[in-house]
Amino acid sequence: MNGGDQTGFAADSTEWTGTTVAPGLVQVSLTIQTGKLARTSHKALIVFANARARTDAQWTTNRSICDDCFDDLAVKNGGHLPQAVVFPSYVNYLSTKNFPAQPNGAICLGLTGERIGYESGILDKDNQFALEPHTLLKPLPLYRPLDPKNDPAEWPGRFTVSNITSGPNRTYWYVTSQRYHTEWAYAVNAFIRPGSAPGADPANYTHWKYDPNCGTPTAVACYTNESLASCWTARTSLSFLDAASQKINPNTGQPYDMARLLTNVKTHEKGFHWQLALVDYINGKKTTYDIGTILEGLAVVGPNEASVKAFIDKLVLDMNTAYANDPLGGGNERVDPPGDMPYVDDTNGCVLFP
Amino acid sequence: MRLSRLLLVTTVLTSPLFAAKPGPAVPPPTPIYANLYTFSDVTDTYPASISVPQDGAWFYGSATFGGQQYMDCSHHYEVDLTPSSLSPDYSPFLKVGYVSGIDTPCVFSNYCYSCSMNFGGFKPKTYFTSSNGPGWLPAGSGLATLRTLNDGSLSDRVSLTLYQVNANDLQGMTVFEPMANDNPAPADQTEIESRAYIAASDDKLPLVTEFTYGSYGVFPAPLSATFSATWDIGETAGVQVTNPYGHPGYGILLIDIPKMKTGNHKVTVSATLPSGKTFTASPYQVFVYNAAIEAVVGGTVLPEPVTFTRGNTVTFRVRQQDAKGKPTGSSAI
């Protein structure tokens, strides 16, 4: 066999050995001595070698979902107005109409997304928060570790690569191990979540009041977060959830079924955003979004380990972004009517209505 | 149109331009044209009957301008067939004279050393050399008409020979190894002795057949022939007929090489014409190597189709196989 540029490959070799990761055609020009004559094969000997994926556990991507994970969603800084993750007041309902996420006005009752980003926030390259802790659950990043700044402990061991130095796949780099994982969570708006101390605390009841002098309804800066605590406590000693649970629903003549509402919100968040838009969707597009499948199948040519790792890091980063923006993945949303719930009419003495 | 006429001025050679090998005495080939033809008027024509039997026929000949040794670069002539369907491979059947882009331009005494005749306007080459190959017509009969493409004058003269050799009259068949699977020129002996053909692979043995007709020349295989090949192990092999020219000329047989023991082996090629006439060449010997590439992981030879698990250490090795395609012994060659 002629090993080409393979260092130390003897000219009269009859075999070629090396770590093999890529499928392909091996062609051999054969020269043999027959008596006094050296004969060369009229045509190359060929064999096609197909590659089968490694099945070690590490190539199955680890995913976890934290159920009903946080009790403070919509509390910090008065919640997040553009996403309508706010206290269920009428003013907030009206204000959210000015933002693309809820153009018809709504109060977001639950969110699903990346758990660690909610817990710790996401830092940008300038050490500033791209996502502040305990503000929003976002479908990003799909995989942890994210980068050395946000996951300093995990980052060095995220994957290992090896260079193949002999055989048909010499010069290829391939991934020998990977430790990426998906950490997902869903949470219910704190103000309708039983047992939520932040949600039960009237000190956290706020609304976003628009300043007409500011002049730009679509600008968050034109809204001032104002406390409703005194207004609410002057009317009742109950939490919003308890008060809502006792309020009669004019549509049914019965008290608002807040327990059923809660169940519906949880079912939607887990069943749709986790199971359908993440687990099932990625399982159906493994070569696009499943990092275990993708890293297992990589065969990369690069000048050195650093360049190969940089290539893979960008691959993962691009995959995170692509999933978050995928209208059938992280960008998937469906209006799921969870059931009736009263608002706090903060324009009329904090009474519940309708 | 004036009456066609035939002026006999001189007799020209009857042997083809391409290489001739001696053969048993046979009747001379049938002349279609074999004279000096003068076109004192552009409407002068020289008709000749053509009749090709069931197995088809080869045609060969040569042309020179007037009484000179070569064609010039100015005069052109043409032979048309009636009906034109007689020559499915050529239109017109025959052209005589300089072809721009193909022939060497005249630089001395207006001689065109490469100009002669060509069938259908292209020059079928024997073995891709400068010698013109013959032209082929399938079975049929009709009329050939020689005419001038010049102005017509007493100096408008061409010495033309055109002979017909019927495929059924060919005497014997020989085979040789070509330079490559797509180049029918004979390989030189050193090249042939350096070749090893690989058994039970997609390797093919290329052979070119030649047919003899006395001392008048050798001809490519009749286009009407079908071929078979039998190896000395008793196996009939598949034969693929290729035609590197794209028009009638020397074709190459690509013969399958079944599983057989390593060593010298002979293959016998036969050709059969539509009439049933069969030619069989002397057995031709080549060296066949029965080897294959094996893929080995952890000492175990992977079965075909080869599938390895990514990250495996795979050894690809060449091993001699037995006549059934199994590895022989335990040692790698």
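This is a predicted model: local features need pLDDT of at least 70, side-chain atom pairs count only at pLDDT 80 or more; totals for chains, interfaces and linings use all residues.

Which residue in strand 27 of chain B is the bridge partner of Ala51(A)? The partner is Phe308(B).

**Strand pairing**
- Strand 5 of chain A, residues 45–52, runs parallel to strand 27 of chain B, and four bridges join the two.
- Within chain B, strand 13 (residues 178–180) and strand 14 (residues 183–186) are antiparallel and joined by two bridges.
- These two strands of chain B form a hairpin, with two residues between them.
- Ala180(B) has Asn183(B) of strand 14 as its bridge partner.

**Contact between the chains**
- On the chain B side, 31 residues are in contact with 34 residues of chain A.
- Several strands of chain B each supply at least two residues to this side, including strand 15 (195–198), strand 24 (284–289) and strand 25 (291–297).
- Strand 28 of chain B gives the most, with seven residues.
- The chain B side that touches chain A consists of 17 nonpolar, eight polar and six charged residues.

**Nonpolar cores**
- The largest nonpolar core has 87 residues, and Leu45(A), Val96(B), Leu160(B), Tyr197(B) and Tyr289(B) touch the most other members.
- Strand 3 of chain B (residues 57–65) provides the largest share of this core, namely six residues.
- Another core, of 70 residues, lies apart from the largest one, and Trp208(A), Met258(A), Leu261(A) and Ile312(A) are among its members.
- Leu45(A) touches residues of both chains, among them Val28(A), Leu30(A), Ile198(B) and Val318(B).

Notes
Residues are numbered from 1 along each chain as its sequence is written. Chains are lettered from A and ligands numbered from 1 in the order in which they are written. A nonpolar core is a set of buried Ala, Val, Leu, Ile, Met, Phe, Trp, Tyr and Cys residues joined through C-beta atoms within 7 Å. A residue is buried if 20 or more other C-beta atoms lie within 10 Å of its own, exposed if 12 or fewer, and partly exposed in between; C-beta atoms are placed from the backbone. Two residues are in contact if their C-beta atoms, placed from the backbone, lie within 7 Å. Two strands pair if DSSP finds at least two bridges between them. Ala, Val, Leu, Ile, Met, Phe, Trp, Tyr, Cys and Pro count as nonpolar, Asp, Glu, Lys and Arg as charged, and the others, Gly among them, as polar. Lists of a residue's contacts leave out its neighbours within four places in sequence.
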